[in-house]
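The structure comes first, followed by the notes.

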Amino acid sequence: MFRVSSLLLWLGCATPLLAATVSIHINATNPGPRLNPRMYGIFLEEINHGVDGGLYAEMIRNRGFEDAKPPEGFTFRPGNGTRPGRWMAGQYDAEAFGHFDYFNPDGTMKDFPFWSLVKEGAAQGSMNLDTNHPLDPAGPRSLRLEIDDLGSGRLGVANEGFFGVGVAAGKKYSLSFWARGEGFSGPLTASVEDSGGVPCVQPVILQGVTSQWQQFHATLTAAKTEAKARFVLTAGARGKVWFDMVSLFPAETFKNRPNGLRPDLAQFLADLKPGFIRFPGGCVIEGGTIETAFNWKDSVGPLPGRQEQFGPWGYRETHGLGLFEYLQFCEDIGAAPLYVGFAGETCHFRDVKDVPLEQMGWVVTNFLEAIQFANGPATSPWGKLRAEAGHPESFHLNLVEVGNEGQARTFPPRYQLVHAALKSQYPDISYINDFSFIRRSQAGAEPADLEDNHYYQNPDWFMTHTNLYDDRDRKLPPVYDGEVAVTSGDNSDTHGTLLSALSEGAFLMGLEHDADVVKMVSYAPLLANVGGRTGWHGMIYFDSLNSYATVSYYLWKLFGLNRPDYTVAANLDYHPDAPAAIIGAVGVGTWNNSGEFKDIRVEKDGRILYASDFTKDTAGWRAEGGSWSVVDGAYRQSSSREGSLSYIGDETWSNYTITLKARKVGARGEGFLIAFGKKGGDKYWWNVGGFGNTQHDVELNQTIIGSPVRSVLEANRWYDVKIVLAGRRIQCFLDGQQIHDIQVPAQDRFFANAGRDEAGGELVIKAINVSPNPVSSTFHVAGLSQFAAQGDLTILSSGRLSDNNSMADPKKVIPVTSRLNIPGDTFTCEIPANSFTLLRVKAR
Ligand code: AHR
């Protein structure tokens, strides 16, 4: 058990009187519940091009030419001159999620997304989409290259890969493609070229195209490193040649499996030593339409026969990483498979549709047969397919989730139908029901072995919900928190910053404390191609060649690898520093609209720190987003981008008063933002006319502090704005009337817990310090008498809470381990500012 108590030694001045201290009283004779050895796992979904263009090592995008297929279950609504046509399913617009290059300007489908014709010199010819000569009926489209004349030029096709084809000097790549010809006798040349047409590999010449489909293989060896190359396949003679399933893989995949995984990304996941892998979704299993709900049968068997599908994240999924490959990966890294299946209801963030109850037969059968595919004897119909794929033994699928994020009224009867059939045939499997969007009173009797909950929240929420499950009714099924991540309020669009990681860690400590009811937890989403983001962050980022992990990755890894067998009592007596004043520069901005600002003054103790005169210049202003100019003596932001701000002043400013005039220009969008206390990545702002012009509120890194005030701003009217900062007190005035008076509480927080690792005979202590100051810590351990002379001290920390790793600086914030002297059952340690600290000590 852990408890956080805080005692403010505060005598009314802003100067710290004492350094922060904490006494941590650990009682090893007072054990908490045992933790599930498979508590920490991962959730692997096809989102952010995390699988296609990510973990699945295929480098050719639209290899089967099926990307010309319209999104399944959508209908085309033609445009009307001003509005382009759209593929719609109910109110769900495929293009709204289709961030990628599938659509022509009029909204119709492109014939060859991600492919282009190579026509150089005097060469003549064309590329055409062909459905008359299917390699496999599951993927009827192929590319027909017609070579009319070559002259002294070149004719062929090129593929841009997933945001670039990435090759590294010295590495080998396995090329394969299917081809057939008519009146074509010439060779084909395969290469990878940079944007200037310079080969990055030794080009390879292939002969022997006939009128029958044949698969061709070659190995390409890279001579130079290039992240944004393209794959080029050219013809050496006149005639017609058809291509399908054009594929390029790194010769080396994870565990060298054919049709395998990108080694760097798979290794990141393997290094987490996850207890389980939940796959393949999320929204992916629900689909945006019933036709695009995940059907595992489309994802097994030989690749040309796998049915590709337009996924809910706006791109077509190849299913190259299919049910077999997911199960194989679980086995390869020692993780228990957790399969999530479509339970008859599509995603409620899209076009929610239900399979009629009387037609649910195929949905139930798909679940039953998925289990047979994973576990059934090699003589059973679906077990045989698994055995033919190279795995006669069972994959031991023992965790099955029935649906994802089902809706309150419509989901429960479907869940019950599926669950009853599964339970009667496979009673030993644990079934999981997603309770994220269903209140217990609405669900009725929904039997489940585990209940899934999804938490996408801001750092403050996670730090204030460490006790979330303390009061859970222990008679209810235990919990699996399947999707957990900071998604707002960490002041970044990539998330996984040090602040996110520490707050997620505080929440995980609470889950360890309540391990009698919390059996499993996983972060989401896991993977993100930096070019393929679908509005979501990732825990691990990558491009076509490189990858890095966020601070959240390292924190979750430390929790997973340092899971105690059981927790022991840990009581804290925490004395934070006296809180410091709000300090930092000032700024102005808008959200989703245009706005103007003038007569800006910043004053402190009668001194003018800044006074604007935009008729002269805008010297010193630093725009971060938006489009800024001076119009009629006012500083105008004119783009409709969200969060367009410009800043001025010094990061050391404190206790100042800002006055200015501001107006919202035009009726659309919101009001205006007045920023203050902007230091590094952190900032406060007064959001005047925020949240769709419905309220005024003060926010720290977009998390509201104090109480919002309901109000609407008039467009095109100048308002007098005044903000007074005194220590941590914020007073905000509009046209002379006080709107807010907020005393910002100290943000400093400290969390700790302790547990026992039985095999190693170790005491495992975790501490999180979310404050800008180190905390001098004293540990008092009862119930253990013999301590090793030193313990392992691992610290994950950085100068700023907004710090994160990046492609340019992938190891900026990573754990560092040293040794700590342990003189006996009382020892001390300085817990650094902004840190997660892990201490492992052998003790009996
Ligand atoms: O993790 C991203 C998405 O969030 C998942 O697909 C879904 O379950 C949730 O809404």
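## Ligand site

The second largest pocket holds the ligand. The model is predicted. Around the ligand there are 15 residues, and the closest of them are Glu 45, Cys 283, Glu 405, Tyr 456 and Glu 483.

## Polar contacts and cover

For Tyr 456, an N or O atom of the side chain is 2.7 Å from a ligand oxygen. Glu 483 places a polar side-chain atom 2.7 Å from an oxygen atom of the ligand. For Asn 404, the distance from a polar side-chain atom to a ligand oxygen is 3.0 Å.

How much of the ligand's accessible area does the protein cover? On its own the ligand has 280 Å² of accessible area, and the protein covers 97% of this.

## Gly 334

Is Gly 334 buried, partly exposed or exposed? Its relative accessibility is 46%, so Gly 334 counts as partly exposed; the class lies between the limits of 20% and 50%.

Which residues does Gly 334 contact, once neighbours within four places in sequence are set aside? They are Arg 38 and Pro 274. Ile 277 is 57 residues away from Gly 334 along the chain, and the C-alpha atoms of the two are 9.7 Å apart.

Methods: Residues are numbered from 1 along each chain as its sequence is written. This is a predicted model: local features need pLDDT of at least 70, side-chain atom pairs count only at pLDDT 80 or more; totals for chains, interfaces and linings use all residues. Side-chain values use heavy atoms; hydrogens and water are left out. Buried means under 20% relative accessible area, exposed over 50%, partly exposed in between (1.4 Å probe, protein chains only). Contact means heavy atoms within 4.5 Å. A residue is near a molecule or strand if one of its heavy atoms lies within 4 Å of it. A polar contact is a pair of N or O atoms within 3.5 Å; within protein, one must be able to donate a hydrogen and the other to accept it, and residues adjacent in sequence count only if both atoms are side-chain atoms. Accessible areas come from the Shrake-Rupley method with a 1.4 Å probe; for residues, only the protein chains shown count as cover. On a 1 Å grid over the protein atoms alone, a cavity is a set of points where a 1.4 Å probe fits but cannot get out, and a pocket is an open set with protein on both sides within 12 Å along at least five of seven lines; lining residues have an atom within 4 Å of a point. A molecule sits in a cavity or pocket if more than half of its atoms lie within 2 Å of its grid points.
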